[in-house]
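Me: I have a structure open on my screen and I'd like to learn how to read it. Could you walk me through it, one feature at a time?

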Amino acid sequence: MQLTTLMLIPLVGAIAVFLLPAAKETLAKQVALAVSIVTAIDAIRLALSLDNSSGAIQFVEKHEWIPAFGISWSLGIDGIAGLLIAMATILVPLIIVAGWWDAENSGRGTVKGFFALILALEVCMIGVFAATDLFLFYVFFEVMLLPVYFLIGRFGGAQRSYAAMKFLLYSLVGGLFMLASLIGLYVVSARTLGQGTFDFVTLTGLHMDAGTQKTLFLGFFFAFAVKAPMVPFHTWLPDAAAEATPGTSTLLVGVLDKVGTFGMIRYLLPIFPDASHYYAPIIIVLACISIFYGALLAIGQTDMMRLIAFSSVSHFGFIVLGIFVFSSQGLAGSSFYMINHGFSTGALFLVVGYLASRRGSKKISDFGGVSKVAPVLAGVLLISGLSSLALPGMSSFVSEFLVLIGTFSENRVAANIATVGIVLAAFYILWMYQRVATGEPSEEVNSTVSEINKRELVAIVPILAAIIALGIFPQAALKYINPAVSDLQKYVSVVDPTPAFGALTEGIGS
Amino acid sequence: MTAALIGLPLFGATVLLLGGRRTNAWGHYFAVAMSASSFFVGVATFMSMLGRSAEDRTIETHLFDWIAVGSFQVPFGLQIDQLSIAFVLLITGVGTLIHIYSIGYMAHDENRRKFFAYLNLFVAAMLLLVLANNYFLLYVGWEGVGLASYLLISFWQHKPSAAVAGKKAFVVNRVGDVGLSLAVMLMFVTFGTVTFSGVSAAAGNGDATSLKLIGFALLLAACGKSAQFPLQSWLLDAMEGPTPVSALIHAATMVTAGVYLIVRAHAIFDLSETARTAVVVIGAITLLLGAFIGTAKDDIKKGLAGSTMSQIGYMILAAGLGPVGYVFAIFHLLTHGMFKAGLFLGAGSVMHGVNDDVNMRHYGALRGAMKITYVTFGLGFLAIIGIPPFAGFWSKDEIIKVAFEQNTLVGLCTLVGAGVTAFYMTRMMTMTFFGEARWEKDVHPHESPSTMTIPMIILAVGSAFGGLLLLFVGDIEAWLEPVTGFATSTEAGGMAWLMPTTLLVIAAGVAYAWNTYGRRPVPVVAPAEVSLLTRAARNDAYGDAINEAIFMRPGLHLTRALVWFDTKGIDGFIGGFAALIGGLSARGRKLQNGYARSYALTMLGGAALIAFVLYLVRL
Amino acid sequence: MNPNNYLILAGILFTIGAFGVVVRRNAIIVFMSVEMMLNAANLAFATAARTTGTLDGQVAAFFVMVVAAAEVVVGLAIIVTIFRTRRSASIDEANLLKY
C-alpha cells in the first residue's frame, strides 16, 4: 500500500487546495508546498529503502480493477522507477517555491487552480512510473496530459493556447498508436495464455513471433518517441517549454518527457526483445541525429527557453542512444541521465525563469552584463549551464560518459558522433552565457535585473547541490540502478563485451 | 595526506565563493594560506618520499568507489609518485608565488575575492589532474582546469573580448577533450581498465591499431590543453585574462598538462612508433609556429604566449622521442614553469607601471625606472634563450641533443627554434628595457610593490639556478626513471660539436634582434608596409581566420538553415497537415446548410445506398 | 395470403411519404408524410409478424406508434411556435440553424 499512499498524499492535497476559497491564495500555496514536501520525504524514504541487491520490482501491490480484461491496479518500483519518482517529487516543492508568484503574473487561471493542478500532475507522475499494469500505465500516460494542458493553456505566455493544443494533440496521437499496440498485445496474450492480461511481469515472459513483436513495438515506440521527444517528433517541445511557466516547463521536460525514455527501458526492452534488437540500428541513427540536430538548433535559438528545450532534445538523444546499445554502461548511464537531466534542466529553466520575470523577456538579445548587476544570479546560471554541458564533477558528466562508453563498446561510429556533441553543448551554453551575463549591462538590464532573492535561492540551491553531490558520489544512485540494469540485460539477452586485450586477472579498481 | 593537497585549495575556493562579500576583507590572505599550506604538504610528502627507496615511493590512496557499472570500475583514487610530486611542487610552489603576486596586482579590483577563489579552484583542479590514479579521474581535473581557465580568462567579463576569449578557450579545449574521452573509451574497450597501473600493465597485450588510436586520441587531448597545432588558436586570446593568470595557467602549469598526459601514458607511446612520430611532428610544427608568431607581436603578453606555445612544442617533441626524451620533456617543463612564470610576472609588473599598456612600442628604456623588474626579467630572458648556466640552457640543450640523435630533421627544427627564440626574446627585452623612452603622455613608470617583486625575485632565482639544481643536485634523470623509464643516448658524448653550434645560433638570433631593435629607433606605430611573413605572424599565422572560414561561418550558416528547416520544414509540415484537416472540415461544414429537406434527401440517399449495398452483399 | 402484396403496398406508401418529405415545403405536409412513412413501416412489421407467426413484429409496430405519438406532440408544438413567430409554415424559411 506504500505506493498508493504516496499517490494519495498529493491527491488529497490537490483536492484540498482546489476546495479552498479562491481568495485564500497564500493558504493555497502553503498547503500545496506542505503537501509536496511530505510527498517528497515519503518518496525519498521509499527509494532509499529499496533493496539494492535485486533488480526485481519491489513494494508490489495488486488489486483487481477490471477483471474481465485482466486489468488490475498494480504498482511497484525498481531502482530506476524509484529514483525517477524521488527526482520528480523533489522537484515539485522546489518549483512551487520558485513559481510562488507565477500564477498571479501569467495567464488567466486562479492561483489555487495552478497549485492544485501541479499536485494533480504529481499524482500522475508517481502513477506513471509506479504502474506495473500496462493498462494502468496507459491511463496515467494519458490522464497526465490534462493537468499539463491546463497548466500550459491557462498559465503561460502569449502563445500559450497554441502551445497547449499542440502539446495535447501530439501526445494524443502518440498515445493512440500506443493504445492500438496495447490492445494488440492483449489479444496476443489472450491467444497465447488463454486469458488476456496487461500485467507487466506476465507479459515479459510472453512468447511472440518476430513479426508481431515488430508491429506492436512500433506503436509503443512512436508514443515514447513523441514523448521523449526525438527528432522529428520534437516540434511541440520548444513551443510548450517556451510558453509555459518555468515551473511547468521544468516538470514537463524534466519529468514528463522521461516517461518516454522510461517506457523504452521498462516496457520495450523486456516485452519486445527481438524487435528491440531489430530496430536498434535505426533508433541509434535517430538518436545520433537528435543529439546533433538538437545541439545545432540550440545554437541557432534566440529565446533562452527554446534553447534549453532544444538542448533537451539533444540530451534525450543521448538517453535513447544509451538504451538501445544494451550494454550495462549504456543502460545505467541512460537511467542515471534521466535523473540528472531532470535536475540540470530544471535548474536551467528556473534560473532563466528568474531572469525572464525580471526583464519581462526571454530573448537572449534583451540581456547582457547580468553578471555585473546580479553576480549571484549569473553564477547560478553558469553552474546550471555547466551542468547541462556535462562538466566533470557534475552528475550529468558521469551519466553522459557512461552512455558514451557503453555505446563505444557496442557501436564505435555512434559513440564518435555523439562525442562530438559535447563540443556543441559547450558552445551553445557558453555562448548563451556570454550574451546574457557578460559585457556591459544595458540601460534596461541595469534598471530591471535585480539580484536573486532568498526565495529563489531556496528553490534552486537544493537542485544544484544534488547535481554536485551526485557528480561526486554517483554510486549513491547507481547502486540502485545497477541491479535493474542487469535484469534488463537478461531480458534482451545481452552480455557486455569483454575487453579485447585486457589483463583480466589484474584487480580492477584496486 | 594526498587528499589534503587537493582539499586545501578546494576548501579555500568553496569558502570564498560561498562566503560571498563577507570574505572580501580577508579572502585573498585565506587563499594564499590555503595554497601555501598545500605547498607545505607537498614538500612534506616530497621529504618523506626522499626517505624511501625508489621502488616504494609511489603512494596510492583509494578514497572511495567512484563509478562502478558492470565492468567499468573507476575508483576515486589518488596516486603520488616521482612524476606527480614534481608537478605538485611546481603547481603549489609557483601557484603560491602567483597568489602572493596577485595580492598586489589585483589590489584595486572590486572582484579580487572571486579572483582568488578561482585561483584556488584552479590549483585544486590541477592537483587533481596530476594526482589522479586513473585516466577518468584525470579527466575531471582536466576539465576542471579548463573551467578555471575559462573563468579566469573571462575574469574581466565586462570586456566583450575577454568573454569571447574565455568561451573560445573552453570550446577549443573541449575539442581536445573529445580526444581524451575517446582515449578513455578506447582504453576501456581494449584493456578493460582505465587506471594508470592497469593500462601500463596491459599495454603490451594491445594490438598495434588500438595502441595507435589511443595514442592519437591522447595527442588530440594534449593538443587542446597545451595549445598545440592545430588547436593552438585559443592561447593567444587567453592573454585577455589578468597577467597572473597568464603566468600560472597559460605558461607554467595548465598548458603543460598535455606533456604530462603523454609522459603519463608512456606505456602506450613506447609501443606505438606511429603515435610517437605524430607527437614529434606536432611538437616540431608548434615549436616553429609559436616562435614565428612570437617574432612579430607588439603585445608583450601575446609575444610571451607565442613563446609558450613554442616551448611546449619542445616538450611535446621531446615526449614524442620516447624513453630518451620523457625525462627531458619534464625537465624542460619544470624549468620553463619557473622562467616563463617569472617572465609573465615581469610583464605584469611592467604593465602595472605603465597604466596597463601592453604595446611594447610604447615602452623602451624602462630599465632605469623598474630595476627589480629589469633584473628579474633579464634572468628569465637568459634562461629562456638558453645561455649557460641558466635554467633553460640545461633542459633545452638536452632536448636538442636528443632530437639530433633521433633524426637530423627534427634536430634542425629544434635548433632553428632556439635561434628564433633568441631573436624574439631579445626583441622583447630591448623594446621594453632598452632604447629610448617611447612612453605615452601621462605614463610615469614606477616599480611595483613588494608583494609583486618578491615572487618575481624568487622565480628569477629559480630561472637562474633551477636547471643546475634539478640536473646535478636533484638528479632528475634518476628521480623520474622509475616512472617514465630512461634510456641514455646510444652515442653519448658523440655530439661534441652540437653545444657550440647551438650557442652560436642563439648568439646569431640575439645579434640580429639587437641590430634591428637595439641600435635603431623603434617606431611607435607598427609599420604597415611589411612582408607577407610578418603580416602572417601578426595575424597568428591566420589560425583564427582558418577556424572562422572552416568551422564558425559554415557552422553558423548551418544552424541558421536548420532553424529555418525546423520551423518551416518539420513544423511547417505538421502545421500544414493541421491546416489541411482544418480546411477540409471548413468545406465539409458547408453541407450543413440549414434546409431540413436537404438533410432528409441526404438521409434518404444514404439509406438507399445502404440498402443497395446490403442487397449486393446478399448476392 | 401472399405477404408480398402487403410489402409492396408498404413500399409504395413509404416511397410516397419519402417523396412528400423531400419535395413539399409546408411543415404540416412534411409532417404528415413522415407519419405515412412510419405507418408504412408498421404495415411491414405487421406483415412480418403474420408471416412468422410471432408477436415480435406487432410489438415493434406498437413501439413505433408510441414514438410517433410522442413525436407528433413535440413536432406540432415546434411547428406552431415557428408559425407564430414567422407567420409561415415553410420549412425552407426556417434555415437559421446551419454551419
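This is a predicted model: local features need pLDDT of at least 70, side-chain atom pairs count only at pLDDT 80 or more; totals for chains, interfaces and linings use all residues.

Me: What is the mean pLDDT of chain A?

Reply: pLDDT is the predictor's confidence in each residue, from 0 to 100. Chain A has a mean of 89, with 97% of its residues at 70 or more. Residues 503–510 of chain A stay under 50, and the model gives that stretch 16 contacts beyond four places in sequence. As for "contact", two residues have one if their C-beta atoms, placed from the backbone, lie within 7 Å.

Me: Back to helix 2 of chain C. How far apart should its ends be?

Reply: The expected span is 1.5 Å times one less than the number of residues. For the 26 residues of helix 2 of chain C that gives 38 Å, and the end C-alpha atoms are 38 Å apart, so the two agree. Helix 1 of chain C (residues 3–23) passes the check too: its 21 residues should span 30 Å, and its end C-alpha atoms are 30 Å apart.

Me: Which residues of helix 1 of chain C are buried?

Reply: Buried means 20 or more other C-beta atoms within 10 Å of a residue's own, exposed means 12 or fewer, and partly exposed is in between, with C-beta atoms placed from the backbone. In helix 1 of chain C, the buried ones are C:Ala10, C:Gly17, C:Ala18 and C:Val21. They sit on the same side of the helix because they cover an arc of only 95° around the axis, taking the directions from the helix axis to the C-beta atoms. An α-helix has 3.6 residues a turn, so residues three or four places apart point the same way. The face turned away from the buried side carries the exposed C:Asn4, C:Asn5, C:Ile8, C:Ile12 and C:Val23.

Me: What do those buried residues of helix 1 of chain C pack against?

Reply: Their partners are helix 24 (596–618) of chain B and helix 2 (27–52) of chain C. The buried residues of helix 2 of chain C, in turn, pack against helix 1 and helix 3 (56–86) of chain C.

Me: And how do I read the contacts between chains?

Reply: Look at who touches whom, and with how many residues. Chains A and B share the most contacts of the 2 pairs of chains in contact. That contact takes 50 residues from chain A and 53 residues from chain B. Helix 20 of chain A gives the largest share of chain A's side, 10 residues.

Me: How many residues does chain C put into its contact with chain B?

Reply: Chain C gives 10 residues, and chain B gives 10 residues. Chain A and chain C don't touch, their nearest C-alpha atoms being 24 Å apart.

Notes
Residues are numbered from 1 along each chain as its sequence is written. Chains are lettered from A and ligands numbered from 1 in the order in which they are written. Helices (H or I, at least four residues) and strands (E, at least two) are DSSP runs, numbered from the N terminus.
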